[in-house]
Amino acid sequence: MNEIWAGIVEAFRLIITLDRDLFEITLRSLQVSMSALVIACIFALPFGTWLAIRRFRFRRLTIATLNALMGLPPVVVGLIVYLLLSRSGPFGVLGLLFTPTAMIIAQVIIITPLIASLTHQAMRELWAEYHDLLISLNTTSRQRILTLIWDGRRALLTGALAGFGRAIGEVGAIMIVGGNIDHATRVLTTAIALETGKGDFALALGLGFVLIALALLVNFAIHTLSRTEQEGTW
Amino acid sequence: MIRLIAIVVSLFATTALAEKMKLAVTTSFHNSGLSDLLLPVILEDTGLEVQLLIVGTGQALRLGEAGDVDAILVHSEAAEEVFVENGYAPYRREIMYNDFVVVGPQTDPADIASADTAVDALTRIAIIKAPFVSRGDASGTHKKELFLWTSTKLDPKLFGTWYNAVGAGMGASLNTASGLGAYILTDRASWLNFANKGELDLLFEGDPILFNQYAYLPIDSKRHPHVNIQAQRLLESWLTSKRAETLINGYTVDGTNVFVFNAFR
């Protein structure tokens, strides 16, 4: 109990003194996970919606696979991305290993199935409602997808935030492909793992509380900006 | 607000011009706190920004083989010699040493404090089956521990539940030992710097077999042409310099010297 209290105190100390290292790794955490989120959404939102409106032969199999991939183990993703980006691997010449870019790639792979799957779930309901209207208007597939994405944006927001949550709290993959290099690829979660390893629980917990606060802040900010849960617009 | 802006600006401005290299080091080197002392001085003296990858010796060797780092600093002589033999590094250069110690519960149920040798100490632990934590991660410390068990003529594979191979870094393993009240082999520097000692105490030290040599191995540029040779040489000449000698020998934790510089010049 003492240590949890020490962690809370440490979190406040870090924030109030505007700790330089804390700012750096927090910014990097945000930068990596936000980039991963944006890229994942570009793939996942149209794909999930397309899955909802399109009937094809392996649809059931595709959806089942997608749902299973939601639980993709980050450590395994990290290891595979490491082997691909390693100097001895197929993409070694790019020199991407141990850079924030490598971390973004790993996180995109981890969260894309999650967002696509949640998108598909939400869009299936909406498609049932819109089906007759959109068919009778003789819309193209592209128009249908865009209409559904726009009208279902609140549900998609939840999906995107779930993806962001998974990315910002993830440590297994980015530890392997990022290497936790000070001033280069260290983020909040890998710093927490490092400080725990040193037995400095107060600092580790302090960073942990900063991470939780950051996740809350991002969620509030997005909800405020998109004006959800307000009278008349929900 | 001005302070906030200053921080953000300086974040983007730092070390834009410095030469960079990646160095894989063992967890014990970093957990000892020595790297925090040396790296800023290296940057100041040579303009070289050393990016540390803190991993076990096993993983460090693996990163070196793949050419993902420019050099490695590890402590497992037998594995290093194989590494050089296989052509991954042209040579190994000894830099400094520290030593391993056995820590355990203050009550010391196996009475290892009165053991004559490290092998004797481990045998006593095995006889009463007192809880023991092993790194279990193919690190230099783990290899040393396995070497000691070989000398006791006991096979860790046949040990019961008292032998916990956790497969983690030095600090994480010490956390486990602290939680279990178990014995563990650790390097002295990591132990002195460890903040969660709990009921643990240093119980056995001083046997020459526990000597722990650190060596620097630059990755062979013939095999991996992309490695930064200039930075490799710069770092090696700094690590073997008078300045490094003074800093390494002068580094203390709680008033105890932890590393001894022994590079040949």
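1. In chain A, residues 24 or more positions apart account for 78% of the contacts with a separation of 6 or more. The model under discussion is a predicted one. Buried residues make up 41% of the 234 residues in chain A.

2. As to secondary structure, chain A holds 10 helices and 0 strands. The C-alpha trace of chain A spans about 65 × 55 × 30 Å along its principal axes.

3. The next point concerns the contact between the chains. Chain B contributes 25 residues and chain A contributes 21 residues. On the side of chain B that touches chain A, the elements giving two or more residues are α1 (2-13), α2 (27-31), β2 (48-55) and α8 (170-180) of chain B. By residue class, that side of chain B divides into 11 nonpolar, 11 polar and 3 charged residues.

4. Chain B is divided into two parts: domain 1, which covers 2-97 + 213-261, and domain 2, which covers 99-210. The C-alpha centres of domain 1 of chain B and domain 2 of chain B are 27 Å apart.

5. How many residues of each domain of chain B are in contact with the other? For domain 1 of chain B the number is 19 residues, and for domain 2 of chain B it is 15 residues. On the side of domain 1 of chain B that touches domain 2 of chain B, the elements giving two or more residues are α2 and α4 (57-66) of chain B. Of the elements there, α2(B) gives the most, with 3 residues. The residues on this side of domain 1 of chain B divide into 6 nonpolar, 12 polar and 1 charged. The helix α2 (27-31) of chain B is also listed among the elements on the side of chain B that touches chain A.

6. Strand β7 of chain B, residues 183-187, is largely enclosed by the rest of the structure, because 5 of its 5 residues are buried. B:Tyr183, B:Leu185 and B:Asp187 point one way from β7(B), whereas B:Ile184 and B:Thr186 point the other way. In general, the side chains of a regular strand alternate between the two faces of the sheet.

7. In what sense does β7(B) pair with strand β4 of chain B, residues 93-105, parallel or antiparallel? The pairing of β4(B) with β7(B) is antiparallel and runs over 4 bridges. Within this region, B:Val102 has B:Leu185 of β7(B) as its bridge partner.

8. Strand β5 of chain B, residues 132-134, pairs with β7(B) in the parallel sense, over 2 bridges. Here B:Phe132 has B:Tyr183 of β7(B) as its bridge partner. Both B:Tyr183 and B:Leu185 are buried, and they point one way from β7(B) together with B:Asp187.

Terms used. Residues are numbered from 1 along each chain as its sequence is written. Chains are lettered from A and ligands numbered from 1 in the order in which they are written. This is a predicted model: local features need pLDDT of at least 70, side-chain atom pairs count only at pLDDT 80 or more; totals for chains, interfaces and linings use all residues. Two residues are in contact if their C-beta atoms, placed from the backbone, lie within 7 Å. Ala, Val, Leu, Ile, Met, Phe, Trp, Tyr, Cys and Pro count as nonpolar, Asp, Glu, Lys and Arg as charged, and the others, Gly among them, as polar. Domain bounds come from an automatic or database domain assignment. A residue is buried if 20 or more other C-beta atoms lie within 10 Å of its own, exposed if 12 or fewer, and partly exposed in between; C-beta atoms are placed from the backbone. Two strands pair if DSSP finds at least two bridges between them.
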